[in-house]
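Here is a friendly briefing to read with the model open beside you.

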Amino acid sequence: MYNPRLRAWLHRISVPTLVVWGESDGIVTPAYGREFARAIPGARFETIAGCGHHPEIERPEELAALIASFVKG
């Protein structure tokens, strides 16, 4: 799953980007997510409280609300 060359490509993303992470992710820490988002120009980083590695399963309503808010601008 890990691609050491990915970071070199992230700066090329030119569309609005939302990076969402589970605040309690025990597999890939939120710190990793923050760095991931920092590498994408203009990206917004959000965490979901009380959520682990799968926000889409653990907190789907909160994830949907973040996405809706992001899309509305």
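I67 has its place in helix α4, residues 60–72. Helices here are DSSP runs of H or I with at least four residues, strands are runs of E with at least two, and both are numbered from the N terminus. This is a predicted model, in which local features need pLDDT of at least 70 and side-chain atom pairs count only at pLDDT 80 or more, while totals for chains, interfaces and linings use all residues. Residues are numbered from 1 along each chain as its sequence is written, and side-chain values use heavy atoms, with hydrogens and water left out.

**Helix α4**

- I67 is partly exposed, because its relative accessible area is 40%; buried means under 20%, exposed over 50% and partly exposed in between, with a 1.4 Å probe and protein chains only.
- I67 and I40 are 27 residues apart along the chain, and 17 Å separates their C-alpha atoms.
- A68 also lies in helix α4, and with 34% relative accessibility A68 counts as partly exposed.
- Between A68 and P4 there are 64 residues along the chain, with their C-alpha atoms separated by 31 Å.

**The largest pocket**

- Rolling a probe the size of a water molecule over the atoms shows where empty space is left.
- A pocket is an open set of points on a 1 Å grid over the protein atoms alone, where a 1.4 Å probe fits, with protein on both sides within 12 Å along at least five of seven lines; lining residues have an atom within 4 Å of a point.
- The largest pocket has a volume of about 310 Å³, where volume is the space filled by probe spheres set on the points, and grid points are joined across faces, edges and corners.
- Twelve residues line the largest pocket, and Y2, N3, L6, Y32 and F36 are the closest to its centre.
- Which helix gives the most to the lining of the largest pocket? Helix α2 does, with three residues.
- At least two lining residues come from each of α1 (7–10) and α2 (30–38).
- Sorted by class, the lining holds nine nonpolar, one polar and two charged residues. Ala, Val, Leu, Ile, Met, Phe, Trp, Tyr, Cys and Pro count as nonpolar, Asp, Glu, Lys and Arg as charged, and the others, Gly among them, as polar.

**Aromatic rings**

- The whole structure has three aromatic pairs. Rings of Phe, Tyr and Trp (its six-membered ring) pair if their centres lie within 6.5 Å; planes under 30 degrees apart are stacked, over 60 edge-to-face and the rest tilted.
- W21 and Y32 make a tilted pair, 6.2 Å centre to centre with 50° between the planes.
- This pair links distant parts of the chain, since W21 is in strand β1 (residues 18–22) and Y32 is in helix α2, eleven residues apart.
- Is W21 buried or exposed? W21 is buried, because its relative accessible area is 14%, whereas Y32, at 39%, is partly exposed.
- One aromatic cluster is made up of W21, Y32, F36 and F45.

**Nonpolar cores**

- In soluble globular proteins, nonpolar side chains tend to be buried together.
- L10, V19, W21, A37, A39 and I40 are the six residues of the largest nonpolar core, a core being a set of buried Ala, Val, Leu, Ile, Met, Phe, Trp, Tyr and Cys residues joined through side-chain atoms within 4.5 Å.
- Another core lies apart from that one and has five residues, including V20, I48, L63 and L66.
- Leaving aside neighbours within four places in sequence, V19 is in contact (heavy atoms within 4.5 Å) with G33, F36, A37, I40, R44, F45 and E46.

**Two loop residues**

- A43 sits in the loop between α2 and β2, and its 22% relative accessibility makes it partly exposed.
- A43 and V19 are 24 residues apart in sequence and 7.1 Å apart in space, C-alpha to C-alpha.
- H53 is found in the loop between β2 (44–48) and α3 (55–58), and at 29% relative accessibility H53 is partly exposed.
- Beyond its neighbours within four places in sequence, H53 is in contact with D25, I27, V28 and E58.
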